[in-house]
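The structure goes here first.

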Amino acid sequence: MNIKHILAAVAALVVAGGAIAAGADLGQAQKQATNWTAIAMFAIFVGGTLYITKWAASKTKSAADFYTGGGGITGFQNGLAIAGDYMSAASFLGISGLVFANGFDGLIFSIGWLVGWPVITFLMAERLRNLGKFTFADVASYRFSQTPVRVFAASASLVIVAFYMIAQMVGAGQLIKILFGLEYLYAVVLVGVIMLAYVLFGGMTATTWVQIIKACMLLAGATFMALAVLFQFGFSPEALFAKAVEVHSKKDAIMGPGALIKDPISAISVGMALMFGTAGLPHILMRFFTVPNAKEARKSVAWATTWIGYFYILTFIIGFGAIVNLVQNPADFYVGGEIAKGLKGGGNMAAVHLSKAVGGDLFMGFISAVAFATILAVVAGLTLSGASAVSHDLYASVFNKNCTSEQELRVSKIATMCLGALAIVLGIAFEKENVAYMVMLAFTIACSSNFPVLFMAVLWKNCTTRGAVVGGFVGLILAAVLTIGSAAVWEAVLGNPKGSAWFPYNSAAIFSMSAAFFTIWLVSILDNSEQAKKERALYPAQQLRSETGLGASSASAH
Amino acid sequence: MQDVLDRISKNPKFLEFVAMRSRYGIIMSIISAAAYYGFILLVAFDKPLLATKIGAGVMTLGVPLGVGVIVFTIILTWIYVRRANTEFDATNEAIIKEAQK
């Protein structure tokens with residue numbers, strides 16, 4: 001398992017075999033000496049958040065409380081929580097590590113991660129909030145036949161959650177091994193158990209607060225690091241860049257685009273997956289139902305975009321700061337004190353080493369604890385969205401339509417337990433695998449299944465159940481199959497000879513997303529059944545609710 | 001409640017409002033996508049341009065352009081949200097009130 005790849009999930013995946021992979025191959029992450037400062041900081045974080053969970057548990061009585069925290073979270077809080085969901089350890093350590101290794105190329109990824117947000121704001125946020133209740137399937141199935149749409153939505157959501165979760169769990173295990181000196185197995189079980197405590201007892205309220213606290217810690221830590229770096233250069237970015245160019249082995253090349261994106265089709269395809277995939281991630285979509293109305297939903301994406309964008313600018317400065325501080329001090333930060341042997345713990349540790357350089361052991365403990373907390377919070381959000389797909393979309397809307405809120409809540413807790421156990425098992429099973437492609441796969445599937453179905457169901461009046469479900473499954477399957485054929489999986493994971501991958505691009509999105517939209521369109525216009533006519537006739541009522549918010553489920557309804 | 005909904009859906013102001021707001025959302029999406037893809041296409045097709053030095057130091061055109069795309073994205077989002085949360089919501093409210101009379 002190459003820790004570097006896991007953490008730079010996005011990066012390594014997109015470029016598989018590109019610039020990052022060209023860096024030092026560090027092999028299995030080495031277990032480091034037990035870091036007591038980091039463990040103490042982390043224990044404080046876990047203790048504090050479990051206390052919040054206890055408080056949240058007293059407020060989590062109905063299914064609505066469990067799924068959406070009762071819908072009473074403000075736009076600003078929700079914005080921070082969304083940012084918390086999105087600023088994963090992969091983006092913090094991975095992007096700063098990428099900037100450390102390649103300079104400018106890291107910025108290209110940051111931008112890709114950010115640009116999905118305006119699309120969600122301009123086209124989806126308000127309509128999602130007005131039509132939905134607990135899950136995005138509520139939105140997609142508003143005028144459609146419930147069973148097929150819910151089954152599709154739950155399948156797609158669970159697949160996306162599973163891939164995203166594997167990447168997080170394996171990343172967590174490796175990271176903790178390095179940061180805390182804990183065994184991989186204990187690390188994975190620890191993440192699973194703490195996460196279960198949050199979700200099981202505190203539901204959405206606890207998960208949201210964990211995200212908010214973690215987002216604040218991460219933003220504060222990153223801000224401090226960036227300021228400390230700029231302070232060294234009298235707050236002159238030019239001086240920082242000049243010094244970095246002077247000491248970096250690639251010299252001037254770090255200030256311009258490198259080998260990261262090769263062919264234009266890959267560039268566009270990766271861009272599509274990043275831009276539209278965000279609007280199809282179930283744990284992100286779910287956050288829109290935690291606010292009381294469309295106004296707060298819009299505010300929450302605006303805040304989320306602001307924090308995420310700010311954070312990515314910080315990671316760029318941190319990456320350059322790491323170049324200046326670490327390269328000049330190889331004895332402290334490089335294996336055997338030699339730059340050629342790579343950073344201690346791998347290239348993704350650049351930010352962690354920098355934290356030690358600018359803030360000493362105590363600050364490094366803080367940053368390590370934040371990185372761990374980050375994974376914990378993201379896994380909690382994923383589990384919650386997976387559990388609601390099972391209990392709300394499958395159980396309460398398909399198998400037992402007359403169930404009570406208590407029954408639904410019980411099923412969601414059982415589903416949470418199962419998903420938690422599954423996360424631990426998958427984390428252990430994939431320990432030695434290269435899982436870097438999985439985050440990209442989750443984004444590719446999201447932009448090829450959930451996003452087209454949601455988009456067409458809400459905005460196109462002629463869309464029918466048959467079109468949505470067939471098109472959604474076409475996108476889902478095509479995205480998965482083409483990804484298997486790409487070099488990252490076909491060669492790196494399945495062990496086929498180099499050059500034998502039959503899908504030449506970094507992301508399948510351009511093909512699978514287009515195929516999904518085309519199929520939805522084609523099957524819908526060919527669908528002349530009675531059911532299709534009924535569904536089209538319901539469009540004006542759906543539009544009225546999605547545009548005005550009249551009849552939208554509100555916080556006070558439960 | 002049903003009469004209110006019927007009256008709203010027959011109100012030409014409502015249809016006009018929805019069409020205007022959707023158009024605005026789509027235009028804003030296109031602007032943000034254009035900014036992003038403009039940058040990505042430069043990365044794909046004209047790397048030397050982004051690596052061009054500006055000024056006397058090491059600063060290249062790519063850095064302010066890249067950071068600019070991030071800042072532009074944030075600003076664009078706030079412009080939309082500000083207008084939607086004031087002007088659009090007020091119009092929406094007025095249309096609903098009118099139908100409830």
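What radius of gyration does chain B have, against that of a compact globule of 101 residues? Chain B has 21 Å, whereas such a globule would have a radius near 13 Å. The radius is taken over C-alpha atoms, and the globule rule is 2.2 Å times the number of residues to the power 0.38.

I noted what I was reading: this is a predicted model, in which local features need pLDDT of at least 70, side-chain atom pairs count only at pLDDT 80 or more, and totals for chains, interfaces and linings use all residues. Residues are numbered from 1 along each chain as its sequence is written, and chains are lettered from A and ligands numbered from 1 in the order in which they are written.

Next I looked up the extent of chain B. Its C-alpha trace spans about 70 × 25 × 15 Å along the principal axes. I found four helices and zero strands in chain B, in the order α-α-α-α from the N terminus. Helices (H or I, at least four residues) and strands (E, at least two) are DSSP runs, numbered from the N terminus.

Then I turned to chain A. The axes of H7(A), residues 105–114, and H15(A), residues 294–327, come within 10 Å and cross at roughly 170°. Axes are lines fitted to C-alpha atoms, for helices over the stretch in contact, and angles run from 0 to 180 degrees between N-to-C directions. H7(A) is therefore roughly antiparallel to H15(A) (angles over 145 degrees count as such).

Conventions: Angles under 35 degrees count as roughly parallel, over 145 as roughly antiparallel, 65 to 115 as roughly perpendicular and the rest as oblique.
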